[in-house]
Amino acid sequence: MKRLVMSEQEIQDTCKYLGKKISKDLANEDRPPLVLSVLKGAVNFTMDLVKNITIPIFMDYIQISSYSGRKSTGEIKLIHNVRFDIKDRVVIIVEDVIDTGVSMDYLVHHLYANFQPKKVLVCAMFDKINARKTSVRVDYAGKILTENDFLLGYGLDYNEFERNIPYVYIPTEEEIANFDKLLKK
């Protein structure tokens with residue numbers, strides 16, 4: 001039996017709630033905000049979230065890498081940069097999970113230093129508050145987690161496995177070992 005963290009229905013309910021909150025909070029912006037999805041993990045969350053945002057928005061994506069398997073390498077690589085003009089525009093970075101905060105801190109500073117947005121907001125499906133190594137503000141959190149368990153499903157992966165699962169769970173060591181066997185095929 002899977003150690004479920006969030007069911008498919010809970011995820012959809014959370015996306016509805018966050019979409020309504022973002023719509024209300026940013027309804028009076030002069031320029032449509034930019035929803036910036038962090039690839040690859042936040043794609044599922046971003047798509048479900050934007051379906052519930054009722055104000056005009058633009059969308060783009062950015063891709064960084066800092067993980068190998070279940071561990072952060074501590075080194076952030078920018079793979080794909082934002083392509084949209086975000087000067088003087090509110091940007092909402094959409095991320096699957098914030099744990100150490102190092103990657104998000106990098107992204108926020110990168111955007112301010114290189115693109116001069118009006119404001120950068122952070123929206124994460126999961127906020128692992130006790131895993132922080134740096135201070136990061138999370139403006140919208142789907143679920144706050146106090147444990148630092150490794151999560152799979154709904155975009156969260158183990159070496160690309162399980163991104164397509166519509167719920168989030170904590171894998172067992174046996175499940176991880178099975179994925180490792182599949183990697184060798």
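Helices are DSSP runs of H or I with at least four residues, strands are DSSP runs of E with at least two, and both are numbered from the N terminus. What you're looking at is a predicted model, where local features need pLDDT of at least 70, side-chain atom pairs count only at pLDDT 80 or more, and totals for chains, interfaces and linings use all residues.

**View A. Helix α1 packs against helix α2.**
Find helix α1 at residues 8–25 and helix α2 at residues 43–50: their axes are 8 Å apart and meet at an angle of about 60 degrees. That angle makes α1 oblique to α2 (under 35 degrees is roughly parallel, over 145 roughly antiparallel, 65 to 115 roughly perpendicular, and the rest oblique). An axis is a line fitted to C-alpha atoms, for helices over the stretch in contact, and angles run from 0 to 180 degrees between N-to-C directions. The crossing of α1 and α2 is right-handed, meaning that the near helix is turned clockwise from the far one by less than a right angle, with anticlockwise being left-handed. From α1, the contact (heavy atoms within 4.5 Å) uses Gln 12, Cys 15, Leu 18, Gly 19 and Ile 22. Phe 45, Asp 48 and Leu 49 come in from α2. Sort the residues of this contact by type and you get five nonpolar, two polar and one charged. For that sorting, Ala, Val, Leu, Ile, Met, Phe, Trp, Tyr, Cys and Pro are nonpolar, Asp, Glu, Lys and Arg are charged, and the others, Gly among them, are polar.

**View B. Strands β2, β5 and β6 line up.**
Strands pair when DSSP finds at least two bridges between them. Strand β5, residues 90–98, runs parallel to β6 and is joined to it by eight bridges. On its link to β2 (residues 34–39), β5 has four bridges, and these two strands are parallel as well. Val 91 stands opposite Val 120 of β6. Are these strands tucked away or out in the open? Nine of the nine residues of β5 are buried (under 20% relative accessible area, with exposed over 50% and partly exposed in between, using a 1.4 Å probe and protein chains only), so β5 is largely enclosed by the rest of the structure. In β6, residues 119–128, nine of the ten residues are buried, so that strand is largely enclosed too.

**View C. Leu 78 sits in strand β4.**
Strand β4 covers residues 71–80. Leu 78 has 32% relative accessibility, so it counts as partly exposed. Which residues does Leu 78 touch, once its neighbours within four places in sequence are set aside? They are Ile 62, Gln 63, Ile 64, Tyr 106 and His 110. Tyr 169 is 91 residues away from Leu 78 in sequence, and their C-alpha atoms are 28 Å apart.

Phe 161 is partly exposed, at 22% relative accessibility. Leaving out residues up to four places away in sequence, Phe 161 touches Leu 152, Leu 156, Phe 179, Leu 182 and Leu 183. Leu 183 is 22 residues along the chain from Phe 161, with 9.4 Å between their C-alpha atoms. Glu 162 is buried, with a relative accessible area of 15%, and has a positive phi near 80 degrees although not a glycine.

Most residues other than glycine have a negative phi, and most peptide bonds are trans. From Thr 54 to Gln 9 is 45 residues in sequence and 20 Å in space, C-alpha to C-alpha.

Definitions and conventions:
Residues are numbered from 1 along each chain as its sequence is written. Side-chain values use heavy atoms; hydrogens and water are left out.
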